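Work through the exercises below with the model open beside you. Try each task before you read its solution.

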Amino acid sequence: MKRYRYPSIPESEVTPPELFESRRRVLRGGLLLGAAAVAPGLLWPRNVTAWQGELQRQLDAGLPTVDLAGGEAPTSFRDITTYNNFYELGTGKRDPEIYAHQIVTDPWSLTIDGEVDKAGTFALEDILKHQDLEERIYRLRCVEAWSKVVPWTGFPLAELLKRHEPTSRARYVVFESIHDPDRLRGQRRSVLDWPYREVLRIDEAMHPLTLMAVGLYGESLPNQSGAPIRLVVPWKYGFKSIKSVVRITLVEERPLSSWEERNPEEYGFYANVNPEVDHPRWSQARERRIGESGRRETLMFNGYAEEVAHLYSDLDLQRHY
């Protein structure tokens, strides 16, 4: 069976713990500017937007850090931001980096509607003013059998949803990504039915591990990583963690997510990381950690089984994948 092949990444590019602890100083120095000389998409916007100003205010005040990756060293900033899937920008792994400038993030608003008592469209800076941010280090496992460890900055999705008071009919949460085919080259192709949509059950969305991320490595999210706000569900395959979110809708009946609609045999609704259920075209038992040579064993629920397995106690995980 033909396997995916990944670029060889030298051990020297993996971020040492001592550099990770001083990551903001490193990112603001010449290292980032040097990388941007050959990859302009790595730069954050020169002019600080309103939402970036609010984010920076909290970053400067200092954030609590929670290590939820078992002490594993975070993947280097460069590897996180230059090896991605973001089909709005193209299907190649380097396309998000190359075409990141096509995403316009200023201004940015988020619509929250459906089965909530307090619906509306809200500027991102106003949302951030009501959220206490923290840094969480999570494993990220792609359905394609590669993985990373990412230090996100964000807040629990549950806090945002509670603020808008879901009704008793809210059973599913639908997320919608940016739709701008005039600028985003990937959306001019019929790879998916745009805009991109993802769906969680309400209990998954309200789980304490489910994060809305607005930062990475102590700075605002780069465009190619899902700026300015994205979902992170660490026990699910990465495609469930939708990027550049513009709408969150709570509904009673379950709609299809984009990949489920496109190819349900390969991309199920739950998409929980499960080494015992293979993708139709490759094994999920092992994974390639970007920045390492060889492969490692894949953990059930990506290592978060103790926290989330109870959500699926009534399901046959071989069938409901």
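Predicted model: local features only at pLDDT ≥ 70, side-chain atom pairs only at ≥ 80, totals over all residues.

Residues are numbered from 1 along each chain as its sequence is written, and side-chain values use heavy atoms, with hydrogens and water left out.

**Exercise 1. The whole chain**

Task: State how many helices and strands the protein has, and what share of its residues is buried.

Solution. 
- Step 1. Take helices (H or I, at least four residues) and strands (E, at least two) as DSSP runs, numbered from the N terminus. The protein has eleven helices and 13 strands.
- Step 2. Apply the burial rule: buried is under 20% relative accessible area, exposed is over 50%, and partly exposed is in between (1.4 Å probe, protein chains only). Of the 321 residues, 58% are buried.
- Step 3. Turn to contacts, meaning heavy atoms within 4.5 Å. Among contacts between residues at least 6 apart in sequence, 74% join residues at least 24 apart.

**Exercise 2. Strand E8 and its partners**

Task: Find which strands pair with E8, and in which sense they run.

Solution. 
- Step 1. Two strands pair if DSSP finds at least two bridges between them.
- Step 2. Start with E5 (residues 146–156). Five bridges join E5 to E8, and the two run antiparallel. Here Trp 152 has Leu 216 of E8 as its bridge partner.
- Step 3. Go on to E10 (residues 230–232). Three bridges link E10 with E8, again antiparallel. Met 212 is partnered by Leu 231 in E10.
- Step 4. Finish with E9 (residues 219–220). Two bridges pair E9 with E8 in the antiparallel sense. Leu 216 stands opposite Glu 219 of E9.
- Step 5. Six of the six residues of E8 (residues 211–216) are buried, so the strand is largely enclosed by the rest of the structure.

**Exercise 3. The nonpolar core**

Task: Name the residues with the most contacts inside the largest nonpolar core.

Solution. 
- Step 1. A nonpolar core is a set of buried Ala, Val, Leu, Ile, Met, Phe, Trp, Tyr and Cys residues joined through side-chain atoms within 4.5 Å.
- Step 2. The largest one has 77 residues, and Leu 157, Trp 235 and Ile 248 have the most contacts inside it. E8 gives the most to this core, with five residues.
- Step 3. Follow Leu 157. Beyond four places in sequence, its contacts include Leu 211, Met 212, Leu 231 and Ile 248.

**Exercise 4. Aromatic pairs**

Task: Decide how the rings of Tyr 87 and Trp 259 are arranged, then treat Phe 239 and Tyr 267 in turn.

Solution. 
- Step 1. Rings of Phe, Tyr and Trp (its six-membered ring) pair if their centres lie within 6.5 Å; planes under 30 degrees apart count as stacked, over 60 as edge-to-face and the rest as tilted. This rule gives ten aromatic pairs.
- Step 2. The ring centres of Tyr 87 and Trp 259 are 5.6 Å apart and the planes stand at 75 degrees, so this pair is edge-to-face. Tyr 87 is in the loop between H5 (77–82) and H6 (95–98) and Trp 259 is in H10 (residues 258–262), so the pair ties together parts 172 residues apart in sequence. Both Tyr 87 and Trp 259 are buried.
- Step 3. For Phe 239 and Tyr 267, the centres are 5.4 Å apart and the planes at 85 degrees, so this pair is edge-to-face. Phe 239 sits in the loop between E10 and E11, and Tyr 267 in the loop between H10 and E12 (286–289), 28 residues apart. Phe 239 is buried at 13% relative accessibility, and Tyr 267 is buried at 11%.
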